[in-house]
Each structure stands twice: as structure tokens, then as C-alpha cells.
Amino acid sequence: NPGCCPGLGASALSGRVEKASHQTKICNQSFAHPKKSSIFAGMKQEIIDKINQQASQDEPFLFVINYQGDKAFIRLLSDINPEECLFDFEGRGNFSHARKETLKEEILKKETLKEETSETTWQIEPPLYEDYERSFNIVKSNIMAGNSYLTNLTCRVPVSCNLSLEDIFHRAKGKYKLLLRRKRNLTPFVCFSPETFVRIKGGRIYSYPMKGTLDASLPDAEKQLMEDRKEAAEHATIVDLIRNDLSRVAENVRVDKYRYIDVLHTNKGDILQTSSEISGRLPEDYPHHLGEILDAQLPAGSITGAPKDKTMQIIQEAEGYDRGFYTGIMGIYDQGELNSAVMIRFIEEETSPVDFETDGEKNFKAKEGKASEGKEPKASRKLYFKAGGGITSKSDCRKEYEEVIQKIYLPF
């Protein structure tokens, strides 16, 4: 419905839909891989095949895929060891009811005694404004040159907290929560995402892009957010991008709801966020091609930008760090239905051995290359919160910088 998207002309939209409809017919016949950029070559074939294999069976399974699509954690729900992975997707999780009730009682008691805030320490080390500005300018210059309309610029921000990743997982309030512990080359992380990626239900695929945030405590915050031209343009761009992504694998793609407001609760106060709902009808044999369907949508438009291929090149130049599993996707598939999320609101843990020091002298024998007898290296723990936001031609660097800082929170 072109009328749903202010700023997008009906003629332009009809052309895009006509083109997308042609692409849909091709994909529905063969589910061929969509053309990918040199930055994102698509999911590894072994990951696609594994997802297709699991989806063709009757047992529900969990998948977690990183931003680049080359690493994944895929398990039948019945095979997931809680010592390896914890998840809670809108109430569906793998930790016991008894443990849930115990945690509720503990948290309620602490809140009643007003101990929660005083017991939890949370500090962030914001990036230097000059460093953010340098990255912002790379993005903005590309936008002004016409290379991108919207680019999602993110940061890796050091934080400190006296809670473990498991504590954060259990206390966090979020639609989609995941804790993945250290496993081979995977860095441990906890994610408490409010953003649905795609759902599949009743033969239709749904997407819910989130774009546009504002501090809910500001006067007339809801009105400010809805009337902000930059936020409106950013949201319209993403809606159009997601609609085209869905049209690669579905027919009858439409915008069901446009730019509605959700309230997110954080330890720093409430945040308003705007979302939309877009859907399309999948072919009947979609369970046998779930891997290709997901691959066609990746990476998520809301955490890259438009046009996607060129924008990903800009992101790689501007950010200067590896996103890893941040801004990847996670989901549960069960007998034809899918519930998945974009992995935003993300804390990563890095640990490295540190030498003991005793009586002012390092307890480490450099010549022998081993720790002193009776001593073992202790672990140094570093936490990083990854966060970002969309940049357009109307973006102001200072405002975008402050928005990133606002997104670094614990949802307690």
C-alpha cells in the first residue's frame, strides 16, 4: 500500500513491486540464491543445508547465525544443554519453571527492599566523540555522494558490570533473550533483543523492522518522534527495503501496519521505538527451503541500510571492528512456524589470562614459560556493549552519538 509510506511515490513503488513480483516467480520455482555483495557472500551452504534438514523434520530447533553468515549454532531444542546455551523467546525457553519462580522471588524481594539498584553496578566508557565523528563523516560523505540512502553505524563500547552474563540473562526483560557460552571459537555473549526479524505463520512470512527511537521522558515524546522528518524518512527507507527482501521469496507482499510505537523499559528509563509490519505469502513447499528463505533476507535491512550491498561496504570502512554475532539473527522453528529476532542489545565477554603478582613481583617464570608452582593465571574479564543507529542525509552527528549512548542499557 503506497499510501502507508510517506515520502515514497506511488509510481516508484509500483515499479519496485512489479520488479519484485517477477523475482518472486523465479525464486518460488527454484529458490535460487539471491545475488550477494563481495562483503556478504551469503550464508555458508553447509548452514543453509543444515537449516533445511532440520526444518524438514518434525522436531523444533534453535538457530543462531552471525552477521556475516559464516558461523552458526544450530540445535534441536531437546538437545540443547543449558550449560552451553540459555534462551527465552517470548516465554519459550529452556530453563526450568522452578528456576523461573525462584528468580522472580529473589528479584521481587530485592526490589521491595530497594536493593536492586544499589547492588548492580553499571558503567559505560563512551567512545570518544572525535572517534565517532570520524566514522560518522565516512558514512555521511557516502550518503551525500549518493552511495547510500541509509547506513546503520554501530560501535563496540566497553562497559563494566558486577553481574555475570547469566545474571544479566535471567534479570533482563526482553522479547528475545539468548545466552551463548564459550564454545570453540565463539565468544560468549548475552542478547536481550526487542526486535523481531521474521515470523512464519499460516503460510505467510512477516517482518517487523524497528527504526526511530526517542527518550520517553521528553515532553510530547510520542508526537516529537512521529513528526521527526529524519526518523520518518529512515523508517520509510527500511520498510521499502524489507518489502523488497520479502518479495524475493514471497508473493502478495504488503505493509500491514506502518510506523507504530512500542515502549522499551530500561535501567535508564523508558524509550519509544517505532516499528512496522510487512508480510507476504510463501509457497507451499517453504519448509524444505527455510535456509534459502533466511539467506535471502540476510543481513537484516534494519541493521545495514539501503542499498544493502554498497551500504555494507561503507559499514566495513566506517566501523573498523568485527560485529561477530551482533546484528545476526536467532530463531526457533517448529512444525511450519518460525519466530526469530535480530540480535541487537548485545553484550559480549572477552576473557584472557593475567599473571598473578605476589609481593610486588610477578609470579611468572618468563624463562621457563610457565606459572609458578601452586599458582594459576586468573582471568581478566572485559565486557563490550554493541550498539548503533541509522544515519541519513538529515542526521546530526551529536544527536546520533547521544542516541547510541542511550541504547547502552540493562533492561531491568
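Helices (H or I, at least four residues) and strands (E, at least two) are DSSP runs, numbered from the N terminus. The model shown here is predicted, so local features need pLDDT of at least 70 and side-chain atom pairs count only at pLDDT 80 or more, while totals for chains, interfaces and linings use all residues. Residues are numbered from 1 along each chain as its sequence is written, and side-chain values use heavy atoms, with hydrogens and water left out.

**View 1. Empty spaces inside the model.** Rolling a probe the size of a water molecule over the atoms shows where empty space is left. A cavity is a set of points, on a 1 Å grid over the protein atoms alone, where a 1.4 Å probe fits but cannot get out. Grid points are joined across faces, edges and corners, and a volume is the space filled by probe spheres set on the points. Counted this way, there are four cavities of 30 Å³ or more.

**View 2. The largest cavity.** This cavity holds about 180 Å³ of space. It is lined by 21 residues, and those closest to its centre are Asn152, Ile344, Arg345, Gly388 and Lys407; a lining residue has an atom within 4 Å of a point. Strands β11 (210-215) and β22 (378-391) each give at least two residues to the lining, and β22 has the largest share, with six. By class, the lining has six nonpolar, eight polar and seven charged residues. Here Ala, Val, Leu, Ile, Met, Phe, Trp, Tyr, Cys and Pro count as nonpolar, Asp, Glu, Lys and Arg as charged, and the others, Gly among them, as polar.

**View 3. The second largest cavity.** Look here for about 70 Å³ of space. Of its 14 lining residues, Phe197, Ser207, Ile242, Ala300 and Gly301 are the closest to the centre. Both β9 (196-201) and α8 (229-246) supply at least two lining residues, with the largest share, three residues, coming from α8. The lining is made up of seven nonpolar, five polar and two charged residues.

View 4. Ser395 sits in the loop between β22 and α11 (397-406). Ser395 is buried, with a relative accessible area of 6%; buried means under 20% (1.4 Å probe, protein chains only). A polar atom of its side chain lies 2.8 Å from the backbone nitrogen of Thr392. The side chains of Ser395 and Glu400 make a polar contact at 3.3 Å, that is, a pair of N or O atoms within 3.5 Å, where one must be able to donate a hydrogen and the other to accept it.

Methods
On a 1 Å grid over the protein atoms alone, a cavity is a set of points where a 1.4 Å probe fits but cannot get out, and a pocket is an open set with protein on both sides within 12 Å along at least five of seven lines; lining residues have an atom within 4 Å of a point. Buried means under 20% relative accessible area, exposed over 50%, partly exposed in between (1.4 Å probe, protein chains only).
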